[in-house]
Amino acid sequence: MTDNSKIQDQDDSTIDSSQDNLEEKVIKPSVLGTIPVAPDGFKSGFVAIVGRPNVGKSTLMNKLVGQKIAITSPVAQTTRNRLRGILTTPEAQLIFVDTPGIHKPHHQLGKVLVKNAQIAIELVDVVLLVVDSTVEAGGGDRFIVDLLSHTKTPVILGVNKSDIQPRHSRGESIDASYAKLATAQGWEVVKFSALTADRLDLLQQKLIERLEPGPYYYPPDFLTDQPERFIMGELIREQILLLTREEVPHSVAITIDLVEEQPKITRIFATINVERDSQKGILIGKKGNMLKQIGTAARQQLQKLVAGQVYLELFVKVKPKWRQSRLRLLELGYRVEK
């Protein structure tokens, strides 16, 4: 097995991780993809996926698009940027906007994320409000419903996680709590599971029904409008959330410093930014073991993205209180979107 990944901390101590077999390859959209003329009756539009943190918005978009473009994690508020996923069918093109979970912000980063989610609501053709069918409607859901009650944009209430919903009277009580919210607003309800794809075909059709006739906005083979470097950074951040979520939940930001595409391998150099020295120590781990785990897991995902071998080199740097600083947020790519 060839050695093709190095993981470094800020002090240049190096840990090697070995090459894993490629389990899956994906077809990337052609860079020079062309936008065809839409046939008669073709529909298109933008669909905002909104909801409380951790209700399965990113999992849903990945499943609808057919490829992993948004990271998922058991940790709430995983999504930070307004990410677009593109689904093109013979009859329509839907551009899904995966928004950060709407919540009460506790720092400048949180304010930016919530503001971006609110902006998305006003800029799309349809809003899909996703809720969790394992718990009854709560204050967070009612807060979002109140926000949406002031928009003229059509809304569908999507009840996710049907595969793990409690049965019998408990499940019926949960369904009734959401039906009450939807009925008061005149919204249609679709129950589904993003994880198993149960009834996603019905959800997709209901969304298409609410779109107006329109053109292709993107070439039919495009799955996202985000730069490949952005997806790379998100895939690295996802593994940090999965492997260190108890210790370093949301104080991490990734910057892709350099990507070198060579005939047989893609070399990626990235920096993991944290707020405190203690967080840096957790990420590196004893003898660099944690950073090696992160690098190995991230490299496996990156190989699927680029459909080839990857050499990944990670650095860890401390940027004190970056989530509280407008300047640091801008440096790391977080801003209120227009």
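How many of the 338 residues of the protein chain count as buried? The share is 54%, where buried means under 20% relative accessible area with a 1.4 Å probe, protein chains only.

Before you click around: this is a predicted model, in which local features need pLDDT of at least 70, side-chain atom pairs count only at pLDDT 80 or more, and totals for chains, interfaces and linings use all residues. Residues are numbered from 1 along each chain as its sequence is written, and side-chain values use heavy atoms, leaving out hydrogens and water.

**Stop 1: colour by confidence.** pLDDT is the predictor's confidence in each residue, from 0 to 100. The chain averages 81, and 75% of its residues reach 70 or more.

**Stop 2: the core.** Select Ile236 and Ile272, the residues with the most contacts inside the largest nonpolar core, which has 27 residues. Such a core is a set of buried Ala, Val, Leu, Ile, Met, Phe, Trp, Tyr and Cys residues joined through side-chain atoms within 4.5 Å. Elements that each supply at least two residues include helix H6 (228–244), strand S10 (266–274) and strand S11 (310–318). Helix H8 gives the most, with seven. Now show what Ile272 touches, not counting residues up to four places away in sequence: among them are Ile240, Val252, Leu283, Leu291 and Phe315.

**Stop 3: a helix pair.** Show helix H1 (residues 57–65) with helix H5 (residues 200–209): they pack at about 85°, axes 11 Å apart. The pair is therefore roughly perpendicular, a label for angles of 65 to 115 degrees. For the contact itself, pick Leu60, Lys63 and Leu64 on H1, and Leu200, Leu203 and Gln204 on H5.

**Stop 4: look down H3.** In helix H3 (residues 139–148), highlight Asp141, Ile144, Val145 and Leu148, which are buried. Down the axis, the buried residues of H3 fall within an arc of 105°, so they line one face of the helix; the arc is taken over directions from the helix axis to the C-beta atoms.

Conventions
Buried < 20%, exposed > 50% of the residue type's maximum accessible area, 1.4 Å probe, protein only. Helix = DSSP H or I, 4+ residues; strand = E, 2+ residues; numbered from the N terminus. Contact = heavy atoms within 4.5 Å. Axes fitted to C-alpha atoms, helices over the stretch in contact; angles between N-to-C directions. Parallel < 35°, antiparallel > 145°, perpendicular 65-115°, else oblique.
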